[in-house]
Amino acid sequence: RPCTLSGIQPTGVPHLGNYLGALANWVRLQDTRTADSHVLYSIVDLHALTVPQDPIVLRRNVRDMAASLLACGIDPKRSILFRQSKVPQHSELAWLLFCRTPIGWLSRMHQWKSKLQMLQQNNPNAAAITTANATISLMSGGDENAKLDGDENTQGLNIGLLAYPVLQAADILIYRATEVPIGEDQLQHLELTVMAARSLNSHYKKEIFPIPKGIFASSSSKRIMSLRTPTSKMSKSDPSDASRINLDDTPDQIRSKIRKATVDSSVGITYDPVNRPGIANLINIYSSFSNEEVAQVAARFATSGNKDFKEAVGERVIEGLKPIREELLRLRKDMGFVEEILSEGEERARHLASRTLRDVQKVVGLI
Ligand code: AQP
């Protein structure tokens, strides 16, 4: 039975990368739903806790994310929209998966390795970690008690940050999802989910989980890059707001961010992601909204200057995001409605998740 599942972290207003890389596909996939299949979209608040969160901000971000998803076109009649933490079966299944996940699988994850690198660069005392042999030594010297009391130096390096791909696997497998619409940056985590599903199926000699497959956006949308550093992906957690277009940015903010986007100074517009990553990123963004091939867009603007091309990209983005922004601003004034949709979704999600959990508990010998 087909089932679609995906999630997004409530770590800020979704940006153009989230929208083009994942959310636009989420909306489209609702059309494939049949009477006996489910489409589930989760606000993965437990994942957000892998980095420090202010409780008040987190609570606000969760509701705002729900409003953003509805504004993008998630339709509660066709999809189950819910908060991950309100369905405890995710965490219960995660534990069962932890017990069959070799540490080596996790320490190889690119996202873990890049977070680690970032922490080590910013804080030389933070950790001594050898990812190659998965030896994890959380502290290198210093006063252990102070660290255990929550010294900020240790905050980035918690077990959750290392282990969250297993919780992500549980998010998917608890609904026996078959299709997972994600951006390219999540491919490795999906591969881990596949390995976890295969590992349980083969260990218990039973097809407990179907093998899920990733659904990716078109090649121009699957990885949208930062406007400031076009060799890194656009991200909610980038400290520079100018690096991304948020779905609630005003037309003036959008124009200004695109005008200031980092590009090279070669003459004319050509599509060359390796040597001209800034221009290639803007071509990808334009083509995602105009539904044209990148080559067509590059040919049309071949003789344009950077300034004119950026202006055209800005206007395309403003036009494409206008209905989403308007709906988001409207929903922010009606949070009671948003809360109701979440509660309904959570009841339905718990019902589906408890069936799988019971089956898995039987198979492993807990029932
Ligand atoms: N730049 C991107 N281009 C294409 N797709 C992207 N996604 C994220 N960034 C891009 C996809 O959006 C979905 C939701 O992502 P997420 O918020 O759960 O986590 P993330 O991948 O870690 O995204 P961010 O924006 O970088 O969040 P923070 O800063 O909080 O870590 C996923 O399907 C993702 O692939």
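**Chatting through strands and helices**

Me: Hi! What is the bridge partner of Ile8 in strand 2?
Reply: Ile8 has Ile43 as its bridge partner in strand 2. Keep in mind that this is a predicted model.

Me: Got it. How many bridges join strand 1 to strand 2, and which way do the two run?
Reply: Strand 1 covers residues 3–8, and six bridges join it to strand 2. The two strands run parallel.

Me: And which sense do strand 2 and strand 3 pair in?
Reply: Strand 2, residues 38–43, pairs with strand 3 in the parallel sense, over four bridges. As an example to look for, Leu40 stands opposite Ile80 in strand 3.

Me: Nice. Is strand 2 enclosed or open?
Reply: Six of the six residues of strand 2 are buried, so the strand is largely enclosed by the rest of the structure.

Me: Which residues of strand 2 sit on which side?
Reply: His38, Leu40 and Ser42 are on one side, while Val39, Tyr41 and Ile43 are on the other. Both faces are covered, and all of these residues are buried.

Me: What about the faces of strand 3, then?
Reply: Strand 3 spans residues 80–83 and has both faces covered. Ile80 and Phe82 are on one side, Leu81 and Arg83 are on the other, and all are buried.

Me: Switching to helices! At what angle do helix 3 and helix 14 pack?
Reply: The angle between helix 3 (residues 55–72) and helix 14 (residues 306–331) is about 140°, and their axes are 8 Å apart. That angle makes helix 3 oblique to helix 14. The crossing of the two is right-handed.

Me: Which residues make the contact?
Reply: Helix 3 brings Ala67, Ser68, Leu70, Ala71 and Cys72, and helix 14 brings Ile324, Glu327, Leu328 and Leu331. Sorted by class, the contact has seven nonpolar residues, one polar and one charged.

Me: Last topic: where is Ala280?
Reply: Ala280 is in helix 12, which runs over residues 277–290.

Me: Is Ala280 buried or exposed?
Reply: Ala280 is buried, because 22 other C-beta atoms lie within 10 Å and the cut-off for buried is 20 or more.

Me: What does Ala280 touch?
Reply: Leaving out residues up to four places away in sequence, Ala280 touches Tyr271, Asp272 and Pro273.

Me: And how far apart are Ala280 and Gln188?
Reply: Ala280 and Gln188 are 92 residues apart in sequence and, C-alpha to C-alpha, 24 Å apart in space.

Notes
Residues are numbered from 1 along each chain as its sequence is written. This is a predicted model: local features need pLDDT of at least 70, side-chain atom pairs count only at pLDDT 80 or more; totals for chains, interfaces and linings use all residues. A residue is buried if 20 or more other C-beta atoms lie within 10 Å of its own, exposed if 12 or fewer, and partly exposed in between; C-beta atoms are placed from the backbone. Two strands pair if DSSP finds at least two bridges between them. Axes are lines fitted to C-alpha atoms, for helices over the stretch in contact, and angles run from 0 to 180 degrees between N-to-C directions. Angles under 35 degrees count as roughly parallel, over 145 as roughly antiparallel, 65 to 115 as roughly perpendicular and the rest as oblique. A crossing is left-handed if the near helix is turned anticlockwise from the far one by less than a right angle, and right-handed if clockwise. Two residues are in contact if their C-beta atoms, placed from the backbone, lie within 7 Å. Ala, Val, Leu, Ile, Met, Phe, Trp, Tyr, Cys and Pro count as nonpolar, Asp, Glu, Lys and Arg as charged, and the others, Gly among them, as polar.
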